[in-house]
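Please open the model in a viewer and keep the selection panel at hand.

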Amino acid sequence: MTGNIRDLSTYSQNDTEKMDLINGVFKEFPLFDSIKCCYKDVSCSKIESIDFSEDIDELDESDDSKLILCSPVFKETPSKYCPKCGRKYLKADIVCLDCLVHLKDISDKVDVRDIKSEPKFTFVGQNNYSSFDELLNKDNLLKINEFDFTIDDYSTILHDIKSQAFLNFDNLVKENEIYYDGLDILEKVILFVKSFVKVEFKSSGGQLGYFESDAIAIDDRSTKSLQITTLIHELSHFLIQEILIHVLCKLLDSTRNSFTESLVTFILSYTHFTQLIDEYAAHNVEGRFTIFGFQDYSSFTDIERKMDGEMTKDEIEITKSIGNTFALSIKEILESLIDREMREDIKEQFLKDVLDRPNYVALKMENCQILNDEGFIKAIWLILNEGCEVAASNIDRLISI
Ligand SMILES: [Zn+2]
Ligand SMILES: [Zn+2]
């Protein structure tokens, strides 16, 4: 495969879903209807000028509909549940006849923070490389450069990651006998994230959270909504890494192991190009599950500032388009576990905790372009091909990861 970052702009198209989500911000915050938001010189040309006051009536209607709750009718409130199938039972019931297990009291709540999880994501190939020299041998570098990889292969990878996460989630719930309906929205998100990666809680330091090798650490002193957005942000970093590990293993017909993992960690961190993509995608996934306009883009702008003219404005916009396209894949994976009702709950928790107005300056830096399939495959090639070439001549740096 051939090409460079500038060629990718010919493959970009509008991300209409993101445009709608950003427009939705103005509907959620009608109080600021005197402000007109102009997206000049950015890619969201379709939402150039929005008058917030127009849709307030529409908003009231849709908000009312959110208040209609569908809960099963019980004359007596159920106080027990089946630890296997999760069905609710009344106080007098003792066993679940379908599962043949004793019922548990709903009040005996398991604290999901304390649950130990060792989520597994596997990829099995014919080869199992046991050194970076073997992994990055000449033949393999050629295979990566040729890039015999299609969008169908990519869809299979997303499907595999989804199904392994489902399995991990199911095991977590069953092994720990969790009464899922009794969890609040933060606990549900923690449980989902634990189906992908280990989660640790910290009560010191200034960072809200971070992802390092195989664990996410979050600060449990922050508000519930901030913990949720931080978890989703850090999980996105994990998933970009996971997707690229699977692509690499598919290309090299290799089993996933610590060498393939470290190589992708290196690729995502050695250059500002991949750092920007990784960071922009994570911010974007946050916006798609909470609300655009409340993200803290400082980690993205910090990288931008450090670059000192290394990339042109157009090239930076392309990294955002690549990030947006990765964000769509991550959203697809997460939506299989975080359904519409949960997304509404996340939004409600967010609106409960956040009293500020959306950050209009941050909204102006949103890019609403995604790459088409051909462009996205080229972008992944560019990331892996350049990354592996640099890695091959810096093996000593890989060893220290
Ligand atoms: Zn049961
Ligand atoms: Zn980040």
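**The whole chain.** Begin with the entire protein chain, bearing in mind that this is a predicted model. A cartoon display shows 15 helices and 12 strands. The protein chain has 401 residues, of which 50% count as buried. Its accessible surface amounts to about 19600 Å², with 49% of that belonging to carbon and sulfur atoms. Among contacts with a separation of 6 or more, 73% are between residues 24 or more positions apart.

**The zinc site.** Next select the zinc ion (ligand 2). Which atoms coordinate the zinc ion? The donors are NE2 of His233, NE2 of His237 and OE of Glu279, at 1.9 to 2.1 Å. Along the sequence these donor residues follow the spacing H-x3-H-x41-E. Histidine 237 belongs to helix α7 (residues 224-252) and glutamate 279 to helix α9 (residues 272-289), so this pair ties together parts that lie 42 residues apart in sequence. Histidine 237 and glutamate 279 are both buried.

**Aromatic pairs.** Now display the rings of the aromatic side chains; the whole structure contains 15 aromatic pairs. Select phenylalanine 121 and phenylalanine 238: their ring centres are 5.8 Å apart and their planes stand at 55°, so the pair is tilted. Phenylalanine 121 sits in the loop between β8 (104-105) and α3 (132-135), whereas phenylalanine 238 is in helix α7, so the pair links parts 117 residues apart in sequence. Both of these phenylalanines are buried.

Move on to tyrosine 154 and phenylalanine 376. With ring centres 5.2 Å apart and planes at 90°, the pair is edge-to-face because the angle is over 60 degrees. Tyrosine 154 lies in helix α5 (residues 151-175) and phenylalanine 376 in helix α14 (residues 373-392), so the pair ties together parts 222 residues apart in sequence. Are these two residues buried or exposed? Tyrosine 154 counts as buried, at 4% relative accessibility, and phenylalanine 376 is buried as well, at 3%.

**A nonpolar surface patch.** Finally, switch to a surface display and select Ile94, Val95, Leu97 and Leu100. These residues form a nonpolar patch on the surface, with about 440 Å² of accessible area together. Leucine 100 is located in the loop between β6 (95-96) and β7 (101-102). Its relative accessibility is 70%, so leucine 100 counts as exposed.

Note on methods. Residues numbered from 1 in each chain as written. Chains lettered and ligands numbered in written order. Predicted model: local features only at pLDDT ≥ 70, side-chain atom pairs only at ≥ 80, totals over all residues. Heavy atoms only, no water. Patch = residues over 30% accessible without salt bridge, like charges linked within 9 Å, V, L, I, M, F, W, Y side chains within 5 Å. Areas by Shrake-Rupley, 256 points an atom, 1.4 Å probe, with all protein chains shown as cover. Salt bridge = Lys/Arg side-chain N within 4 Å of Asp/Glu carboxyl O. Helix = DSSP H or I, 4+ residues; strand = E, 2+ residues; numbered from the N terminus. Buried < 20%, exposed > 50% of the residue type's maximum accessible area, 1.4 Å probe, protein only. Contact = heavy atoms within 4.5 Å. Donors = N, O, S within 2.8 Å, 3.2 Å for Na, K, Ca; no water. Phe/Tyr/Trp six-rings, centres within 6.5 Å; stacked < 30°, edge-to-face > 60°.
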